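Please look through the model shown below with its sequence alongside. The paragraphs after it are meant to be read with both in view.

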Amino acid sequence: MNKNNSDAFDVCIENAFDFLSQEYAELFAGSDATAFQHPVWLDTLYRKLAPVAAAKPLIVTVRRRATGKLAMVLPLMRVPRGPMRTVEFADLRVSDYLTPVCTAEIFSELLQDEDACLTLRRLVRPFDFLRMCKLPDGRMPIENLLAAPRRTVMEMNAYATALVAPFEQWRAGALSRSYQKELAKKLRQLQKKGALSFSCCDDDASIMVAIEMMKNFRGPRFRAQGDGDLLQRPEYFDFYSTVALRGLRAFVRLYTMKMDGKLIAAVLGLCHRGSFLVIMSAFDIARYKSQSIGALMFEQVARDCIERGDQILDFTIGDEPYKKMFGGQPSPLWSVTQAGSVAGSLALFALRQAPWIKLAAKRMAEFKLRPART
């Protein structure tokens, strides 16, 4: 595309970009982005998590040259990982799907603007390593935009089940007959223990009680698995509770199950375009493990989603067996990596050559992000 064309794009870095602005709200609403690029999600992530992780905003904006109208936002970060300078999507371990905020059509048009692409590639440097993980599909080939190597499939999948009304019809089609009978039996056992209730939080107080309960239930469970739980860390507890409070009755739902008025299970998720995306769950396994309380909770979540008119129950990333038992179908996730220095090239070479180094690198990526020094 000729740079004098009225539809050419201007690309710049706007690290103080306001994700709560009207222009971003309009861009997001008309885009092909996911719930993890929602204005509240990204605003909270940059404000709450980035400073603690010593991550610096790298927010790329693309505007129409003729009108100045916002056409795309690429929410990135500069994240120090040991001696490596990395450029990544705004994630910090909380987002399951990562994508530019625009339509596939605008993205395709941007790829035709050679000057804009060259400017964007220059602005995201310098880096030793560029990591673009959790890409849900190929509609917006970010590797072409960044002149990066071809994407590769990740080792984990995402799972989602299509919902149909009424609930009984979905249940009969998604769950095996034997599993339906098993859950019905578990439900009867649970109901004999007391007054069982299921609801969706509708005020700030119930949100905070449920989040605190989730923290308490998840701590021992994840310690037993040898992995730390993000919710135990103050900055992540602050992030999730802030998103839940700010997103209440808008794009967040927090489901709870109670026994005799006491919380025994909770599921936190995001609502986006007819889908409910599960991002965190917690159960009183100590008291109710033999009643399959987690499965019963997800069954009730599916029922409520169907009654609300949702079409998809998205269990998001992870290959846990229960997702298939609820009719979850796997979909691949993709990753784009690019070296930007000799050190980055060596690290990338080692990553591709030695499986044990690859595993070590994965562990490093999940390693506790150090707080910013004061």
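This is a predicted model: local features need pLDDT of at least 70, side-chain atom pairs count only at pLDDT 80 or more; totals for chains, interfaces and linings use all residues.

Residues are numbered from 1 along each chain as its sequence is written, and side-chain values use heavy atoms, with hydrogens and water left out.

The protein chain has 14 helices and 12 strands, where helices (H or I, at least four residues) and strands (E, at least two) are DSSP runs numbered from the N terminus. Of its 374 residues, 52% are buried; buried stands for under 20% relative accessible area, exposed for over 50%, and partly exposed for what lies in between, computed with a 1.4 Å probe on protein chains only. If one takes the contacts (heavy atoms within 4.5 Å) between residues at least 6 apart in sequence, 73% of them join residues at least 24 apart.

Helix 7 (residues 177–191) and helix 11 (residues 293–308) have axes that come within 10 Å and cross at roughly 105°; the axes are lines fitted to C-alpha atoms, for helices over the stretch in contact, and the angles run from 0 to 180 degrees between N-to-C directions. The two helices, helix 7 and helix 11, are therefore roughly perpendicular to each other, on a scale where angles under 35 degrees count as roughly parallel, over 145 as roughly antiparallel, 65 to 115 as roughly perpendicular and the rest as oblique. Helix 7 contributes Tyr179, Leu183, Lys186, Leu187 and Leu190 to the contact, and helix 11 contributes Ala295, Leu296 and Glu299. Sorted by class, the contact of helix 7 with helix 11 has six nonpolar, no polar and two charged residues, with Ala, Val, Leu, Ile, Met, Phe, Trp, Tyr, Cys and Pro counted as nonpolar, Asp, Glu, Lys and Arg as charged, and the others, Gly among them, as polar.

The aromatic side chains come next. A pair of aromatic rings is described by the distance of the centres and the angle of the planes. The structure holds 19 aromatic pairs; rings of Phe, Tyr and Trp (its six-membered ring) pair if their centres lie within 6.5 Å, and planes under 30 degrees apart count as stacked, over 60 as edge-to-face and the rest as tilted. The rings of Tyr24 and Phe28 are stacked, because their centres are 6.4 Å apart and their planes stand at 25°. Tyr24 and Phe28 are four residues apart in helix 1 (residues 22–29), so about one helical turn separates them, and both Tyr24 and Phe28 are buried. The pair of Phe283 and Phe298 is edge-to-face, because the ring centres are 6.1 Å apart and the planes stand at 70°. This pair links distant parts of the chain, with Phe283 in strand 10 (residues 275–283) and Phe298 in helix 11, 15 residues apart. Phe283 and Phe298 are both buried, and together with Tyr179, Phe315, Tyr322 and Phe326 they form one aromatic cluster.

Thr256 is placed in strand 8 (residues 252–259), and it counts as buried because its relative accessibility is 3%. Leaving aside residues up to four places away in sequence, Thr256 touches several residues, including Ser197, Phe198, Cys201, Leu263 and Met297.

Some backbone details complete the tour. The peptide bond from Arg125 to Pro126 is cis, with omega near 5°, and Pro126 is in the loop between helix 4 (114–123) and strand 5 (129–135). The peptide bond from Ala165 to Pro166 is also cis, with omega near -5°, and Pro166 is in the loop between strand 6 (152–162) and helix 6 (167–174). Arg249, a residue other than glycine, has a positive phi near 65°; Arg249 lies in the loop between helix 9 (234–247) and strand 8, and counts as exposed because its relative accessibility is 65%.
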